[in-house]
Amino acid sequence: MKGNYRFRKYSRFEVSNNQLVQLPYTKFFQSKIYNRVLGDVVREYEELDDELIHLDDFQAIALEFFEFCKVCSTYTDFGVHQIRITADPRHKGNPAPEGIHRDGVDLVGIFCVSRTNLKGGETHLYQSKTSPPAFTKILNPGEFLTFSDHEFFHFTTPVNATTSDIGSRDVFVFTCPALPFREN
């Protein structure tokens with residue numbers, strides 16, 4: 001993203017015998033219907049680090065999201081976006097440059113890993129793009145919000161640094177299905 005404040009890695013997974021299985025690398029694609037900023041653009045991201053994927057805490061979070069997938073979707077794959085948004089005293093960070101949106105999936109989960117030296121980053125859920133928020137919350141470290149992408153639009157407000165240091169917001173965004181790029 002212009003401004004160099006948004007950093008992302010992306011991997012796809014499925015679960016077999018209660019074990020997280022990383023799927024082969026693919027590029028990422030989202031229709032312009034869902035993302036007016038980067039829709040219809042084939043995107044390439046680095047994969048999540050192996051050390052992260054094998055952490056017990058990451059495994060537990062991913063398996064918890066998969067439990068929701070089994071209830072809310074017929075898909076067996078899901079994507080994990082590791083996203084860091086930064087802000088400094090002169091530049092805000094924008095977690096959702098596409099505005100109020102849907103992702104074009106069945107289920108979305110947002111897990112907050114950390115928030116450092118910043119304010120803002122309030123997550124909103126809407127029943128329509130023009131309705132007031134049905135849910136509003138700053139997700140704190142350890143909090144996990146899961147919702148139906150068919151029922152809710154979502155948005156996260158920009159973040160601003162609270163000190164002279166760089167502030168950051170680290171989240172995992174889970175999507176079911178994973179939305180890989182497919183030729184044709």
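Modeller: Let's start with a definition: helices are DSSP runs of H or I with at least four residues, and strands are runs of E with at least two. Counted that way, the protein chain has two helices and 11 strands. Keep in mind that this is a predicted model.

Colleague: In what pattern does the protein chain run along the sequence?

Modeller: Read along the sequence, the pattern is β-β-α-α-β-β-β-β-β-β-β-β-β. The protein chain has 184 residues, and 48% of them are buried. Among contacts with a separation of 6 or more, 79% are between residues 24 or more positions apart.

Colleague: Let's look at a helix. What makes the span of α2 agree with a helix of 17 residues?

Modeller: Helix α2 covers residues 56-72, and at 1.5 Å a residue it should span 24 Å. The C-alpha atoms at its ends are 25 Å apart, so the two values agree.

Colleague: Which residues of α2 are buried?

Modeller: Those are Phe58, Gln59, Ile61, Ala62, Phe65, Phe66 and Cys69. They cover an arc of only 165 degrees around the axis, so they sit on the same side of α2. The face turned away from that buried side carries the exposed residues Asp56, Asp57 and Val71.

Colleague: Now the rings. How many aromatic pairs are there?

Modeller: The count comes to 10 aromatic pairs. One of them is formed by Phe144 and Phe174, with 5.5 Å from centre to centre and 40 degrees between the planes.

Colleague: Why is Phe174 called buried, and why does Phe144 count as partly exposed?

Modeller: Buried means under 20% relative accessible area, and exposed means over 50%. Phe174 has 0%, so it is buried. Phe144 has 26%, which lies in between, so it counts as partly exposed.

Colleague: Which residues do ring pairs link into a cluster?

Modeller: The cluster holds Phe13, Phe58, Phe65, Phe66, Phe78, Phe111, Phe144, Phe172 and Phe174.

Colleague: What lies over the face of Phe153?

Modeller: That's Arg102, at 4.0 Å from the ring centre. Phe153 is in strand β9 (residues 153-156), where Phe153 and Phe155 point one way and His154 and Thr156 the other, and all are buried.

Colleague: What makes β6 and β9 a pair of strands?

Modeller: Two strands pair if there are at least two bridges between them. Strand β6 (residues 122-126) and β9 have four, in the antiparallel sense, so they pair. Tyr126 has Phe153 as its bridge partner in β9.

Colleague: Is Asn17 buried or exposed?

Modeller: Its relative accessible area is 73%, over the 50% mark, so Asn17 is exposed. Asn117 has 29%, so it is partly exposed.

Colleague: One more. Why does Leu23 count as buried?

Modeller: Leu23 has 14% relative accessibility, under 20%, so it counts as buried. Leu23 sits in the loop between β2 and α1 (50-53). Leaving out residues up to four places away in sequence, Leu23 touches Arg12, Phe13, Glu14 and Asp77. Leu23 and Ser11 are 12 residues apart in sequence and 7.6 Å apart in space, C-alpha to C-alpha.

Conventions:
Residues are numbered from 1 along each chain as its sequence is written. This is a predicted model: local features need pLDDT of at least 70, side-chain atom pairs count only at pLDDT 80 or more; totals for chains, interfaces and linings use all residues. Side-chain values use heavy atoms; hydrogens and water are left out. Buried means under 20% relative accessible area, exposed over 50%, partly exposed in between (1.4 Å probe, protein chains only). The expected span of a helix is 1.5 Å times one less than its number of residues. The arc is that of the directions from the helix axis to the C-beta atoms. Rings of Phe, Tyr and Trp (its six-membered ring) pair if their centres lie within 6.5 Å; planes under 30 degrees apart count as stacked, over 60 as edge-to-face and the rest as tilted. A charge sits over a ring if NZ of Lys or CZ of Arg is within 6 Å of the ring centre and within 35 degrees of the ring normal. Contact means heavy atoms within 4.5 Å.
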